[in-house]
Amino acid sequence: MASDSHGTAKPADNGRAPAAQSAEGICQGFGPQTPRDIGSFIGENAASFAMAPPSAAMNLCNIHTHTNAEHRGPGFSIPAGGSKQGGYLCNETRDLTIAEQIDPTGGHGAFEGIHPGDTIEVHWVFTSCNISPGPGLGSCVSESCANPTLRVESQVFLVVNDDNALNFHNFAYAGHIANGLHQPQSLPTGTGNPIVFRGSTTGPSYTEATCSPYQVTWSVRPSCAKVSYSSINSWAANGNVFGETHSHGVRELVTSPELLAPINF
């Protein structure tokens with residue numbers, strides 16, 4: 001989540017999790033931070049807040065993407081660039097065919113910052129406020145609702161040059177209203193029971209030394225899915241209420257136990 005029903009599965013861990021940071025230089029007095037390794041359930045941050053209701057009972061306020069997965073999970077455990085600073089890649093990245101990696105736009109797709117073969121993490125942001133969806137985190141609040149309950153549904157995708165892969169429009173907004181609430185057309189399924197935990201907003205402006213003050217209930221699916229590159233470009237080219245034309249950067253993985261909430265099942 002750029003700064004701008006509980007799952008029950010305990011996913012197996014693929015590979016070794018990054019080593020925890022020392023307490024030196026860690027921000028103090030903040031609630032639990034995100035992103036994290038969702039295959040590890042430890043956490044020492046005792047700050048607590050009420051979990052957000054299911055997304056179907058809240059208003060969708062924003063959709064955006066990050067290039068490379070911000071979280072580390074069973075299905076996205078390969079460090080991009082060899083370190084946690086650059087996020088993580090889907091495990092299937094090395095198994096893509098040449099055809100799946102061909103860029104039909106020659107590097108000039110309408111949605112900047114992604115190419116076939118890239119991993120992206122998509123965030124559907126929901127709020128308790130009575131708002132209309134729009135650009136950035138500001139769309140999730142209003143003058144009469146300045147301290148909302150926030151929830152982020154997250155899915156990591158492997159972008160491929162294949163129109164038989166998932167169509168991003170199936171998960172877009174396009175003015176969809178359900179039971180009087182702004183909702184995406186649908187949310188991804190078939191990628192494992194989401195791991196639900198307390199955290200914060202993300203994005204590259206935050207670090208373990210500069211923490212986010214926002215309280216967010218996260219719901220992160222543990223496996224990757226392939227999504228059509230052309231469908232994401234189409235979403236950008238046709239315009240979207242969020243003003244999203246490019247994929248955002250990632251916040252470095254949070255590993256210090258002092259900044260993580262315990263994950264309970």
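A residue counts as buried under 20% relative accessible area, as exposed over 50%, and as partly exposed in between (1.4 Å probe, protein chains only). By this definition E153 is buried, with a relative accessible area of 4%. The model is predicted: local features need pLDDT of at least 70, side-chain atom pairs count only at pLDDT 80 or more, and totals for chains, interfaces and linings use all residues. Residues are numbered from 1 along each chain as its sequence is written, and side-chain values use heavy atoms, with hydrogens and water left out.

The chain holds two helices and ten strands. Helices (H or I, at least four residues) and strands (E, at least two) are DSSP runs, numbered from the N terminus. Their order from the N terminus is β-β-β-α-β-β-β-β-β-β-β-α. The radius of gyration is 17 Å, close to the 18 Å that the globule rule gives for 265 residues, so the chain is as compact as a globular protein of that length. Here the radius is taken over C-alpha atoms, and the rule is 2.2 Å times the number of residues to the power 0.38. Along the principal axes, the C-alpha atoms fill a box of roughly 50 × 45 × 30 Å.

Of the 265 residues, 52% count as buried. The chain exposes about 11,100 Å², and carbon and sulfur atoms supply 50% of that area. Accessible areas come from the Shrake-Rupley method with a 1.4 Å probe; for residues, only the protein chains shown count as cover.

The largest nonpolar core has 28 residues. Such a core is a set of buried Ala, Val, Leu, Ile, Met, Phe, Trp, Tyr and Cys residues joined through side-chain atoms within 4.5 Å. M1, F76, F197 and W218 touch the most other members. Two or more residues come from each of β5, β8 (195-199) and β9. Strand β5 gives the largest share, five residues. In soluble globular proteins, nonpolar side chains tend to be buried together.

The search of the whole structure finds four salt bridges. A salt bridge is a side-chain nitrogen of Lys or Arg within 4 Å of a carboxyl oxygen of Asp or Glu. R221 and E153 form one of them, at 3.0 Å, N to O. R221 lies in the loop between β9 (216-220) and β10, and E153 in strand β5 (residues 150-160), so the pair ties together parts that are 68 residues apart in sequence. R221 is buried, with a relative accessible area of 6%. R151 joins E153 and R221 in a network of salt bridges.

K226 and E100 also meet in a salt bridge, at 2.9 Å, N to O. This pair links strand β10 (residues 225-228), which holds K226, to helix α1 (residues 98-101), which holds E100, across 126 residues. K226 is partly exposed, at 35% relative accessible area, whereas E100 is buried, at 10%. The side chains of R72 and D37 meet at 3.2 Å, N to O. R72 sits in the loop between β1 (59-67) and β2 (78-79), and D37 in the segment before β1, 35 residues apart. Both residues of this pair are buried.

The chain has 11 positive and 21 negative side chains, and the centres of the two sets lie 10 Å apart. Lys and Arg count as positive and Asp and Glu as negative, without His and the chain ends. Each charge is placed at NZ of Lys, CZ of Arg, CG of Asp or CD of Glu.

V250 lies in the segment after α2 (229-237). V250 is buried, with a relative accessible area of 12%. V250 and Y88 are 162 residues apart in sequence and 9.5 Å apart in space, C-alpha to C-alpha.
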